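Dear colleague,

Please find the structure below, handed over for your reference. My notes on it follow.

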Amino acid sequence: MEAGFPIASQGDKESVKSIANAGLTSEVCGLARVLTKDIDACIEAGVDMVHAFVSTSDIQREHTIRKSREEVQQMATQAVGYVKDHGLRCMFSAMDATRTDLDYLIAIYRAAEEAGCDIINVPDTVGVMSPSGMYNMISDLRQQISIPIDTHCHNDFGLAVANSLMAIEAGANQAQVTINGLGERAGNADLAETVMSLKSIYGASLNINTEYIVETARMVERYTTVPITAHRPVVGENAFAHESGIHTHGVLENSNTFEPGIMTPEMVGHTRRIVLGKHAGKHAVRRSLEAAKLNPNDEQLNHIIEKVKTIADKGKRLTDADLYAIACAVMHKPMGKPAIDLKELSVMTGNVTTPTAVVKALVNDEEKILSNIGIGPVDAALKAVTGIIGEHATISIHDFRIEAVTGGSDAVAEVIVGVQDENGRIVSARSASADIVYASVEALVTAINMLLQK
Ligand SMILES: CC(C)C(=O)C(=O)O
């Protein structure tokens, strides 16, 4: 686990130190240029391994560090020796390896190996390698180097995962990956994609609990505020979502018809979703309504589908609450009495105030008042609402999206909230208001009411 670059900042050094001291079973590594002060910073941070790197391609050598090939090789072997003298494991990277003269690259890696290096890393620093080029390069290096080979592929052409897999096919022992593919420019090989390809396509046995992949990706999304796109493989919201009538029909019969099968949502901690949109088919709509104990006849079903498609054609996302409202109207069924009837909502927030929300509602006709705090007013309000149902159900928020529908500070916000109960059932609902907190609470209350009715 490469925890950071301790020389880069005090903060990086402290975080590497706390990861190194966290008592993890993984080996913790720190990054360093081939400079004594960088390596010392890693040692001070308490790492098990130092990853020392230096530019080897002519373009980087001449325009950044301004050193000859011989000087670079000497710096590399000295750095490896220094790390080993301190009793730590050492990985050596020839930065920009894939644009480095191959004979020189082999010479510097061999020199690192002779200096006691434990692993060599082959970075495709600017992501220019083709998968077959990567295969050939690693095959050549494999013949010359006995210690383990690692790769570090960038994604400038979207080939980072493919290149990592080809490197492994050619004999590399490990591949560097990052959660959500985060990294310089277009990022690095993504952990989820690389791991699931190795496990499911190649049948590799990996020491990774894949069922935490989605949870981990979402946690990193929250901390970094770099959004995961909906169609991102493995972890994206749509990775196991089906919309078209043909696909949903197949999936409802047997999920392997329109999913890889060798990778299921359960394997990565995801959920399969049937999305109702303009391609919706009868099977999907009927199945969604059956879950709410609504059984329209064929004529009613056609009418409901028509209305679903009209909404979707306008570019609107259809929530479960929308579908049930349409179905109840078409079937002339009264919508059930809501379990929660929101009466009052007040929030307090500011730069010196802990965001606090108070909610008053009738829950199954009994008045309840609850307050809660949160990291922001929306968080506080949503926590107060989920708390108010108390013993009636255990509800968690599965999905939360705010979109400004209009521009300006008086923008109307549209909020979509998905909630999940203890049995894994998920229901989504929307609301729109110029008050973001109120829209969020209203969407949440609608979704909870739908879920409790279901
Ligand atoms: C330090 C090295 C491995 C690097 O980040 C790169 O070459 O992209």
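In which sense does α4 pass α5, in a left-handed or a right-handed crossing? The crossing is right-handed, a term used when the near helix is turned clockwise from the far one by less than a right angle, anticlockwise being left-handed.

This is a predicted model, in which local features need pLDDT of at least 70, side-chain atom pairs count only at pLDDT 80 or more, and totals for chains, interfaces and linings use all residues. Residues are numbered from 1 along each chain as its sequence is written, and side-chain values use heavy atoms, with hydrogens and water left out.

Helices (H or I, at least four residues) and strands (E, at least two) are DSSP runs, numbered from the N terminus. The axes of α4 (residues 69-85) and α5 (residues 102-114) come within 9 Å and cross at roughly 25 degrees; axes are lines fitted to C-alpha atoms, for helices over the stretch in contact, with angles from 0 to 180 degrees between N-to-C directions. The two helices are therefore roughly parallel, the term for angles under 35 degrees. In their contact (heavy atoms within 4.5 Å), residues of α4 including V72, A76 and V80 meet residues of α5, among them Y104 and I108.

Elsewhere, an open sheet of three strands has the order β10-β11-β12, with antiparallel pairing; two strands pair if DSSP finds at least two bridges between them. β10 (340-350) and β12 (366-373) each have a single partner strand, so one side of each lacks a neighbour in the sheet. β10 pairs with β11 (residues 353-363) over nine bridges, and V347 stands opposite A357 in β11.

Yours sincerely

Definitions and conventions:
Parallel < 35°, antiparallel > 145°, perpendicular 65-115°, else oblique.
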